[in-house]
Structure formats: structure tokens, C-alpha cells
Number of protein chains: 2
Amino acid sequence: MPNRFLTKQRAVIKLYLINLVEQNKLYGLQFLQLLRKEFEPYGFRPTHSEIYKSLHELTKEGILYRTKKLKGEGQDGFQEIVIYQFTEDGYEKAKTYKKMVKQDLDRSKHMINKILKDNF
Amino acid sequence: MPNRFLTKQRAVIKLYLINLVEQNKLYGLQFLQLLRKEFEPYGFRPTHSEIYKSLHELTKEGILYRTKKLKGEGQDGFQEIVIYQFTEDGYEKAKTYKKMVKQDLDRSKHMINKILKDNF
DNA sequence: CTATGAACATGATGTTCATGA
DNA sequence: TCATGAACATCATGTTCATAG
């Protein structure tokens with residue numbers, strides 16, 4: 001039995017990455033910009049290294065795989081980027097992972113409610 | 001503007017300590033037992049060093065002061081314990097601190113709700 | 001300059017060791 | 001043994017450096 005306080009940011013970032021990969025083919029810094037925009041109103045501004053570490057973990061866990069692409073088909077230059085997609089069984093694995101994190105988020109939510117109730 | 005994810009455990013522990021000091025004269029390990037019991041259903045089990053560090057911080061911040069007592073007036077032995085009480089302006093300072101943490105907890109709560117909404 | 005990543009540094013928290021009564 | 005505390009270790013995250021185009 002673990003001993004955990006609230007959900008860790010890494011888990012939340014991985015959650016969003018999974019969801020974003022489901023819908024689009026984005027690369028690292030795009031994820032970063034998107035998440036920063038999403039969380040700006042909440043005062044949370046993830047760092048680029050957290051995004052990359054999360055992508056690496058998801059890859060290591062066999063959920064995503066990497067492909068390299070050249071950005072901007074046309075004149076935009078030849079910047080190489082790394083695209084992530086689900087592996088064969090990645091989608092299933094992702095579902096399992098999401099379920100775990102959902103439970104942890106629910107737990108955290110209840111805990112915060114309790115803390116507020118106990119102290120205010 | 002900081003860059004914070006969810007509320008830190010240290011802040012929450014200090015919140016509870018303030019509230020407990022308001023009501024009782026407890027010492028370190030009693031706080032620990034109490035908090036462990038409170039949070040057991042949530043899978044969170046604080047450590048003794050976190051409690052002591054929190055008490056030390058509250059003392060350094062001028063909110064609490066320490067007095068030494070002997071435990072168990074009677075035959076219980078002569079175990080020395082450290083009791084914490086509010087300083088002269090400690091209660092006021094504590095109110096300010098609590099207000100800050102409440103804001104942070106509200107922010108965290110909204111953030112968790114957003115995360116759940118976005119991903120499930 | 002953008003994108004990716006590793007290396008390095010700091011922060012937050014946990015575990016172990018020391019001391020006194 | 002219980003209580004307190006410091007020292008030490010590890011985890012979580014952030015900042016800086018390196019490399020490629």
C-alpha cells in the first residue's frame with residue numbers, strides 16, 4: 001500500500017498526451033504549447049522536459065511509437081520532428097493506464113474535498 | 001507567477017496542524033497518529049519527519065511557539081514532549097496562511113475537475 | 001531559430017540514524 | 001520504549017547545456 005498524496009503531474013501529462021495522440025498527429029513542442037494554453041488559467045505551466053520525459057515513458061511502456069517526419073511539406077524548411085502514434089496494442093494499454101489515473105484523480109478529488117471540509 | 005501543479009502535502013499538513021492547535025494541546029507524534037487516521041481511507045500516510053518539519057516551519061514563521069512538558073502527570077513516566085501553541089499574533093498570521101492555502105486548494109480542485117472533464 | 005534530448009540542479013518527501021528520558 | 005530531531009537518500013520536477021537541422 002503505497003502512500004501517496006495527490007496525483008503527480010507526470011501522470012496527468014501522460015493522460016493528455018494519450019488523448020491528443022488519439023486525435024491528432026502532433027509533436028513534442030506542439031503538445032507543450034497546447035498544454036500550456038490549457039492550463040494557463042490555472043497557473044500551471046509545464047516544462048518542455050516534462051513533455052519529452054512523458055513521451056519517452058509512454059514509448060518505453062509500449063503504448064506509443066515514434067516516427068520522424070519533416071515539418072511543413074512545402075517551403076517551411078526541413079525541420080525534423082518526431083510524431084507519436086499508438087502501437088498495435090497501444091490503444092488497449094492506454095485504456096488501462098487511463099483507468100488507473102482516473103481512479104487516482106477521483107481519490108485526489110475526494111481528498112481535496114475532505115481537506116476543505118475539515119479546515120474551512 | 002509561479003508555476004504550480006497541485007497543492008503540496010506540506011501546506012496541507014500545516015493547515016491541519018493549525019486547526020488542531022486551535023483545539024487541543026497535542027504533541028508531534030499525536031498529530032501524526034491523528035493525521036494518519038484521518039487519511040488512511042485515502043491511502044495517504046504522512047511520515048513523522050513531515051510533521052516535525054511542518055511544526056518547525058510554523059514556529060519559524062512566528063505562528064506557533066514551543067513549550068516542553070512532561071507527559072502523563074502521574075505514573076506514566078517522565079517522557080518529555082513538545083507542546084505547540086499560538087504566539088501572540090500567531091492566530092492572525094495563521095488566518096492569513098489558511099486563506100492562501102484555501103485558494104490553492106480551490107485552484108487544485110478546479111484543475112482536477114478540468115482534467116477529469118477533458119479526459120473522461 | 002526550432003526541435004529534441006541529455007545533463008545537471010533543485011525541491012519535495014521518505015528512510016535511517018542519533019540522542020535523551 | 002517513545003519522542004524529537006537531524007542526516008541522509010530518493011523521487012519529482014525544473015533549468016541549463018548540447019546537437020541537429
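Ala, Val, Leu, Ile, Met, Phe, Trp, Tyr, Cys and Pro count here as nonpolar, Asp, Glu, Lys and Arg as charged, and the others, Gly among them, as polar. The model is predicted.

**Exercise 1. The surface near DNA strand C**

Describe the protein surface near DNA strand C: its residues, its classes and its source elements.

Solution. 

Step 1. Start with the residues. DNA strand C is surrounded by 23 residues. The closest are A:Tyr27, A:Tyr52, A:Arg66, A:Lys71 and A:Gln79.

Step 2. Look at the strand side. Of the atoms of DNA strand C within 4 Å of the protein, 67% are sugar and phosphate atoms.

Step 3. Sort by class. The surface near DNA strand C has ten polar, seven nonpolar and six charged residues.

Step 4. Assign elements. In chain A, helix H2 (28-39), helix H3 (48-60) and strand E2 (80-86) each supply at least two residues. H3(B) gives the most, with four residues.

**Exercise 2. DNA strand D**

Work out which parts of DNA strand D the protein meets, and through which residues.

Solution. 

Step 1. List the neighbours. There are 23 residues around DNA strand D. B:Tyr27, B:Tyr52, B:Arg66, B:Lys71 and B:Gln79 are the closest.

Step 2. Sugar or phosphate holds 68% of the atoms of DNA strand D within 4 Å of the protein, and bases hold the rest.

Step 3. Find base contacts. An N or O atom in the side chain of A:Ser49 is 3.0 Å from a base oxygen of DNA strand D. For B:His48, a polar side-chain atom lies 2.9 Å from a base oxygen.

Step 4. Find the phosphate contact. The side chain of B:Arg66 has an N or O atom 2.3 Å from a phosphate oxygen of DNA strand D.

Step 5. Assign elements. Two or more residues come from each of helix H1 (9-23) and H3 of chain A, and helix H2 (28-39), H3 and strand E2 (80-86) of chain B. H3(A) has the largest share, four residues.

Step 6. Sort by class. Ten residues near DNA strand D are polar, seven nonpolar and six charged.

**Exercise 3. Packing of H1(B)**

How does H1(B) cross H3(B) and H4(B)?

Solution. 

Step 1. Take H3(B). Its axis is 9 Å from that of H1(B), at an angle of about 70°. Angles of 65 to 115 degrees count as roughly perpendicular, so H1(B) is roughly perpendicular to H3(B). The crossing is right-handed. The contact of H1(B) with H3(B) holds six nonpolar, two polar and five charged residues.

Step 2. Take H4(B), residues 90-119. The axes of H1(B) and H4(B) come within 10 Å and cross at roughly 140°. H1(B) is therefore oblique to H4(B). This crossing is left-handed. Nine nonpolar, one polar and three charged residues form the contact of H1(B) with H4(B).

Step 3. Compare residue lists. B:Lys14 and B:Ile18 of H1(B) meet H3(B), and B:Lys14 and B:Ile18 also meet H4(B).

Technical notes:
Residues are numbered from 1 along each chain as its sequence is written. Chains are lettered from A and ligands numbered from 1 in the order in which they are written. This is a predicted model: local features need pLDDT of at least 70, side-chain atom pairs count only at pLDDT 80 or more; totals for chains, interfaces and linings use all residues. Side-chain values use heavy atoms; hydrogens and water are left out. Axes are lines fitted to C-alpha atoms, for helices over the stretch in contact, and angles run from 0 to 180 degrees between N-to-C directions. Angles under 35 degrees count as roughly parallel, over 145 as roughly antiparallel, 65 to 115 as roughly perpendicular and the rest as oblique. A crossing is left-handed if the near helix is turned anticlockwise from the far one by less than a right angle, and right-handed if clockwise. Contact means heavy atoms within 4.5 Å. A residue is near a molecule or strand if one of its heavy atoms lies within 4 Å of it. A polar contact is a pair of N or O atoms within 3.5 Å; within protein, one must be able to donate a hydrogen and the other to accept it, and residues adjacent in sequence count only if both atoms are side-chain atoms.
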